[in-house]
Amino acid sequence: MQIRSRVFEKYTDYRFNIPLLGSDKTNITVGKLNVGDILFERSDSTLKKSINIADVLHCKGDQCSKYILKIDGEYVEKGEVLANKISSGKLSVTEIKSPISGVLDLSRVDFGYIDILGEEGNTILKSDFNGEILDINPIDGITISAQAVAVDGVVSSKGREKLFGKLEILSDGNTILNEEALDVDYTGKIVWVGPYLYNRVATELFERGAVAVLTYAMSYVEFREIGLPIMILGGFGSVHCDIEFLKRFVSFKDKFVILDTSQNQLFIVSESNFKNNGWFVNQYINQTVISRSSATSGYIGKITEYDPDTNNILVEFGKKGRALMNIGLVDFIDL
């Protein structure tokens, strides 16, 4: 008997909150929520410039606020000093001056970024899912119950407990990209970068307004150094990201997602045709597994033969071929 791991787990009654800002306008009421219903109207300003002050001042993100000289929402002119830090010996001062004029936004300062905003415009957020509005209040925002699909992460950066945004898939979702392939603005997006994440790509995405970044694998050292909201679904180092996983994951492009860093899970608000099997596996033949062997780590395949005397299995990995291994070197998955 083996325990099955659900890569995509269905929830029929997932409850979550969409935060409301002070200027948001909503006419939504408690009751049924349909696709196309307007959740709220928000006055948004365009992002003109993001500054990574943690990098400039050489401090951790959660320490940046004490060096800020301006207040949130203040209009600043080009050349004004936004932040400064005095060296430990008090012999020098590092200053950050505004490169442009605009409105200062400090909502991401705990992640090490300050934003300068431009002209204001209106954004209407519509629901792309069916569900139920449970409550609306200024503290919790809009509380909703809906169907969702959960994906477990291996590790995530700790920050705000839950981050909300739309899922952006870079390129085809299976290409390792550099910063030159990025668009100008990712405001309000939780971005899947592909099988592997380089630290410079992560930094550029946050400078362009991304809420959080998702990837299958990255360097452990770079993950620790960045300190930004990142979730890794596969592991550290060169971990193979199987195409069977990717095909299902990228199908959720543009869906609303919630990144729960306290539970290390990604929730995709969407109906799905997944049929989760039972947690326990009794019949091994034709079961789907993911390899944890060094030679085939990360590859997904099906068991074609099983020897109960030796506990060895023969797994068909498609283009990767077949592999004979001990049953303890695979995880049974629901995919």
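This is a predicted model: local features need pLDDT of at least 70, side-chain atom pairs count only at pLDDT 80 or more; totals for chains, interfaces and linings use all residues.
**Aromatic rings**

The count of aromatic pairs in the model comes to 20. One of these pairs joins Y11 and Y14, whose ring centres lie 6.4 Å apart and whose planes meet at 65 degrees, so the pair is edge-to-face. The two tyrosines can also be described by their accessibility: Y11 is partly exposed, with a relative accessibility of 28%, whereas Y14 is buried at 8%. Both residues belong to one aromatic cluster, which is formed by Y11, Y14, F16, F129, F164, F256 and F267.

**Charges over rings**

A member of that cluster, F256, has the charged end of K166 over its ring, at 4.9 Å from the centre. Elsewhere in the chain, R108 lies over the face of Y113, and here the distance to the ring centre is 5.0 Å.

| Charged residue | Ring | Distance to ring centre |
|---|---|---|
| K166 | F256 | 4.9 Å |
| R108 | Y113 | 5.0 Å |

N286 is found in the loop between β20 (280–281) and β21 (288–291), and at 53% relative accessibility N286 counts as exposed, because the value is over 50%.

Note on methods: Residues are numbered from 1 along each chain as its sequence is written. Side-chain values use heavy atoms; hydrogens and water are left out. Helices (H or I, at least four residues) and strands (E, at least two) are DSSP runs, numbered from the N terminus. Buried means under 20% relative accessible area, exposed over 50%, partly exposed in between (1.4 Å probe, protein chains only). Rings of Phe, Tyr and Trp (its six-membered ring) pair if their centres lie within 6.5 Å; planes under 30 degrees apart count as stacked, over 60 as edge-to-face and the rest as tilted. A charge sits over a ring if NZ of Lys or CZ of Arg is within 6 Å of the ring centre and within 35 degrees of the ring normal.
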